[in-house]
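Please open the structure in the viewer and keep the sequence beside it.

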Amino acid sequence: MVQSSTRHDIGLIGLGVMGQSLALNLADHSFVVHAWDRDLEKTQAFAAEHAADSFPGQGDIQAAGDLRSLIGSLSKPRRIIILVPAGAAVDAVIEAVQNDLDPGDILIDCGNEHWLNTATRQSALSSRDINLIGSGISGGEQGARFGPSLMASGDPRAWEQIREIWTAIAAKIDPKTGRPLEGATPGNPINVPNAESCAGYIGPAGSGHFVKMVHNGIEYADMQLICEAYDLLRRGGGFEPKQIADIFLNWNEGALDSYLIQITADILAQQDPRSDRPFVDVVLDAAGQKGTGKWTAIASLDAGIATPCIAEAVFARCLSAIKDQRLGASKVLQGPAKGERGARVDDSDAFVQDVHDALLCGKISAYAQGFALLAAASDESGWNIDLAQLALIWRGGCIIRARFLQSIADAVSQSKDSRNLMCTEVFAKTLNDKHQAWRRALCCAMTAGIPTPAISSALCYYDGLRTPVLPANLLQAQRDYFGSHTYKRTDELADKRFHLDWANSARPEHEVPS
């Protein structure tokens, strides 16, 4: 909670679910929120519903009748949060407010915006000395309400103007255990002395939204890995949803301790209130997506960084969406005989352990891919992202919050070469100890005809990374054969390139000038 005699106020544009939740969070921390939404009745009703006496200290939510009155009500430098759908809606808001802003005022885009759009907007606004902070925000509705993970980027001087706010409203971590501090309720935010805040400055323009994008890409992979582990246990091991819920609860006590494992256990234990069947069985198996996973895969392709686990998670959602085609294919394409299972299912405890280890190893692989992309983008753009700090920011509030992230922060901090998390001491040991279990679980999947694109691609990435000589030597020879793309030799200097004259029967080799 902010302890100050100075009046702190902040504008907020957009009162959707996230906007309302963040407004209440701000007011709980004694900030005065001046809110506006294009639906004036919604704005007025929301402010009336939450009177000032329901918040601690000076906290309050005040309705603005229009954007000009909202701007006029704020102390300078004005700080205005934008929480509207990404793209054209953000452009429309900026267009509507920019002429009424003064030099030094700060707009804060908290939407799931593409990082290049944020960088472009910041460049345009900076010519008028108006600051744009692009801030990733993760945690969904509950995170926004009681403590999200916040990743800000832009002019560092503008960050200093919102640091107190972002630090106050973000999720909090117990510095002794590294675990999230929970239990916030309306009007009673977490207020623990010396707690660590899950908010931070990431770097220059666009980097905050880039980091949030990669966070979401990792989230796609993590969710897909968990779903494949569930499928292996259910169809490969013959366990029922409630049994798998108990397995996941047990896993949540160890290395896999995370928000996603926790909610998965809760979902699998849920009965459908209409039919009393397992709830998961009445949910249509066609997954949606909003684009950030796809953006991550595209960014990795642009950067030349392999993130196959993230890409496969996106493709798995695409495949799930063509339900009609899958129903048709199931009638004409054959798989293993019904009831056929993979190896080791006769020993249920051993099989469960293998699936656990496959999930843990897949998770390490997926996060390693995401962090490799972050490191490459940071180097390319000169962002200087502190990856250890980022892992600490993600320990609470966000969807991928997990005990695992403390290990990532430690690995990055302690390793002299952390270009790939899999090669750091702590994770290399885990992978070396458990990769055989990973393979056994996948053998079961292949034998039983259970698709495991994320777990499989994660293992292929691991095997590719640890292989000194890949068949890319043949591939490069093929490229030289049909396209004269040249090749390098293992017995020559690295900067020399050659071409074999494949059309000449003697096939002489020529060095190609650089």
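A residue is called buried when its relative accessible area is under 20%, exposed when it is over 50%, and partly exposed in between, using a 1.4 Å probe and protein chains only. The model is a predicted one, in which local features need pLDDT of at least 70, side-chain atom pairs count only at pLDDT 80 or more, and totals for chains, interfaces and linings use all residues. Residues are numbered from 1 along each chain as its sequence is written, and side-chain values use heavy atoms, with hydrogens and water left out.

**Stop 1: aromatic rings**

A pair of aromatic rings is described by the distance of the centres and the angle of the planes. Rings of Phe, Tyr and Trp (its six-membered ring) pair if their centres lie within 6.5 Å; planes under 30 degrees apart count as stacked, over 60 as edge-to-face and the rest as tilted. The structure holds 11 aromatic pairs.

Select Trp115 and Trp383: their ring centres are 5.5 Å apart and their planes stand at 90 degrees, so this pair is edge-to-face. Trp115 belongs to helix α5 (residues 115-126), while Trp383 is in the loop between α14 (348-381) and α15 (387-393), so the pair ties together parts that are 268 residues apart in sequence. Helices (H or I, at least four residues) and strands (E, at least two) are DSSP runs, numbered from the N terminus. Is Trp115 buried or exposed? Trp115 counts as buried because its relative accessibility is 19%. Trp383, at 7% relative accessibility, also counts as buried.

Next, select Tyr481 and Trp502, an aromatic pair that is tilted, with 4.7 Å from centre to centre and 40 degrees between the planes. This pair links distant parts of the chain, 21 residues apart: Tyr481 is in helix α19 (residues 472-483), and Trp502 is in the loop between β11 (497-500) and β12 (509-512). Tyr481 counts as partly exposed at 48% relative accessibility, and Trp502 counts as partly exposed at 22%.

**Stop 2: charges over rings**

A charge sits over a ring if NZ of Lys or CZ of Arg is within 6 Å of the ring centre and within 35 degrees of the ring normal. Select Arg317 and Tyr220: the charged end of Arg317 sits over the ring of Tyr220, 3.7 Å from its centre. Then select Lys363 and Phe404, where Lys363 lies over the face of Phe404 at 5.4 Å from the ring centre.

**Stop 3: helices that cross**

Two packed helices are described by the angle between their axes and the distance between the axes. Axes are lines fitted to C-alpha atoms, for helices over the stretch in contact, and angles run from 0 to 180 degrees between N-to-C directions. Angles under 35 degrees count as roughly parallel, over 145 as roughly antiparallel, 65 to 115 as roughly perpendicular and the rest as oblique.

Select helix α9 (residues 241-251) and helix α10 (residues 259-269), whose axes come within 8 Å and cross at roughly 160 degrees. Helix α9 is therefore roughly antiparallel to α10. Contact means heavy atoms within 4.5 Å. The residues in contact include Pro241, Ile244 and Phe248 of α9 and Ile261, Thr264 and Leu268 of α10.

Now select α14 and helix α18 (residues 453-465): their axes come within 9 Å and cross at roughly 65 degrees. Helices α14 and α18 are therefore roughly perpendicular to each other. Their contact is made by Ala358, Gly362, Ser365 and Gln369 of α14 and Ile455, Ala458 and Tyr461 of α18.

**Stop 4: Ser21**

Select Ser21, which is placed in helix α1 (residues 17-28). Ser21 counts as buried at 6% relative accessibility. Which residues does Ser21 contact, leaving aside its neighbours within four places in sequence? Ser21 is in contact with Glu141, Ala144 and Arg145.

**Stop 5: the backbone**

Most residues other than glycine have a negative phi, and most peptide bonds are trans. Select Lys76 and Pro77, which are joined by a cis peptide bond with omega about -5 degrees. Pro77 is in the loop between α3 (67-73) and β4 (79-82).

Ser30 has a phi near 75 degrees, a positive value in a residue other than glycine. Ser30 is in the loop between α1 and β2 (32-36) and is buried, with a relative accessible area of 9%. Ser484 has a positive phi of about 50 degrees although it is not a glycine. Ser484 is in the loop between α19 and β11 and counts as partly exposed at 46% relative accessibility.
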